[in-house]
Amino acid sequence: MKQILVPIDFSKSANNALDFAVQSAKILPAEITLLHSFEVNGNMYTDYMGVNKEFTLTLFNEANEKLADLKQRIKKADGVVVDTLVSKEPLQEAIKTSIKEKAFDLVIMGTLGASGLKEKLWGSRTSAVIGKSAVPVMVIPIDYKWEKPKKVLLATNQFEKEPAILNYLFELAGLYMASVQVAVFTDEDDDKALTFVDHKNKIAEYDTFLKDTYKEDALTSTHLYGEEFEDSLQDFIKENDIDLLVMVTYQQRFWNRIFNPSKTKRMSYHTNIPLLAIPAT
């Protein structure tokens, strides 16, 4: 865990995520890069008159000044190494480009959550990044206050065995000195009865596999089931004092993504604790 990318728009949500990144960077340890993204739309007339060019330069300079101020404050208060980037690309593309140019291990960003049926803009952007990022994305709720994670929960229905996923999870948990729990979920509405039985039968085997592979004697595995995935998971998190939720994102067919959005993305709107989304390889 060497390099953390933190998208920043100077909002309360982004600043809260930055605080989590700074505190984590002191533990892991890691360097932080602050990324500010803004998209400037113009037309031929304003470009010809130089108005759009001047406006873009003003935004660019203002962003650089704010980032430089943040960088100095973090260095003085926390002693964390900070780099800065400003991009004219939309957020998703800016993150993608940054990851290509520099080998980031983790993206940490904020979310505003949901308001009724309509997700707010920053929350929607966070969800979009989760689905497209080639590296893990840590989502920090706007009202969450930093605590070093002590209990990490992997929520899955795939019985993950891919080393790239599990190695990342257990390495991060080890750096935080946190215990790991596993919850295998069966949806009573969407899954068949055979799926329920299959999940229940596989849990003990999966628990043994994880303990043997990662030498985690304290690891526990649980079978969760219910009609609403988010509600059942939130109840488990609250009852077991979970500090960090981990889920895996899988690439789905285009139409499936529209009509049946991933549970990981939905949880990015509703979770009250940090959510780590690890992309499947």
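The questions and answers below go through a predicted model of one chain.

Residues are numbered from 1 along each chain as its sequence is written, and side-chain values use heavy atoms, with hydrogens and water left out. Local features need pLDDT of at least 70, side-chain atom pairs count only at pLDDT 80 or more, and totals for chains, interfaces and linings use all residues.

Reader: What pLDDT does the chain average?
Author: pLDDT is the predictor's confidence in each residue, from 0 to 100. In this chain, 80% of the residues score at least 70. The chain average is 83.

Reader: Where does pLDDT stay under 50, and how many contacts does the model have there?
Author: Contact means heavy atoms within 4.5 Å. Residues 42-46 stay under 50, with 3 contacts beyond four places in sequence. Where pLDDT is low, the predicted coordinates should not be read in detail. The other stretch, below 50 over residues 113-122, has 17 contacts beyond near neighbours in sequence.

Reader: How many helices and strands are in the chain?
Author: Helices (H or I, at least four residues) and strands (E, at least two) are DSSP runs, numbered from the N terminus. By that count, the chain has 10 helices and 12 strands.

Reader: What percentage of the residues is buried?
Author: Buried means under 20% relative accessible area, exposed over 50%, and partly exposed in between (1.4 Å probe, protein chains only). The chain has 281 residues. The buried share is 46%.

Reader: Which residues does leucine 34 contact?
Author: Leave aside its neighbours within four places in sequence. The contacts of leucine 34 are then Val6, Ile8, Leu18, Leu67, Leu70, Val82, Asp83, Thr84 and Leu85.

Reader: Which residue in E2 is the bridge partner of proline 7?
Author: Strand E1 (residues 3-7) is mostly covered, with 5 of its 5 residues buried. Gln3, Leu5 and Pro7 point one way, while Ile4 and Val6 point the other. Two strands pair if DSSP finds at least two bridges between them; 5 bridges join E1 to the parallel strand E2 (residues 31-37). The partner of proline 7 in E2 is leucine 35.

Reader: Which residues does H4 carry on the face turned away from its buried side?
Author: In helix H4 (residues 91-101), Leu91, Ala94, Ile95, Ser98 and Ile99 are buried. They cover an arc of only 130° around the axis, so they sit on the same side of H4. The arc is that of the directions from the helix axis to the C-beta atoms. The face turned away carries the exposed residues Lys100 and Glu101.

Reader: Where is the cis peptide bond, and what is its omega?
Author: Most residues other than glycine have a negative phi, and most peptide bonds are trans. Proline 29 lies in the loop between helix H1 (12-27) and E2. The cis bond joins leucine 28 and proline 29, with omega about -20°.

Reader: What is the phi of phenylalanine 10, and what is that of phenylalanine 159?
Author: Phenylalanine 10, in the loop between E1 and H1, is partly exposed at 24% relative accessible area. Phenylalanine 159, in the loop between strand E8 (151-156) and H6, is buried at 11%. Neither is a glycine, yet phi is positive in each: about 70° for phenylalanine 10 and, for phenylalanine 159, about 50°.

Reader: How far apart in space are glutamate 228 and aspartate 187?
Author: Glutamate 228 sits in the loop between strand E10 (220-226) and H8. Its relative accessible area is 45%, so glutamate 228 is partly exposed. The pair is 41 residues apart in sequence. In space, C-alpha to C-alpha, the separation is 7.0 Å.
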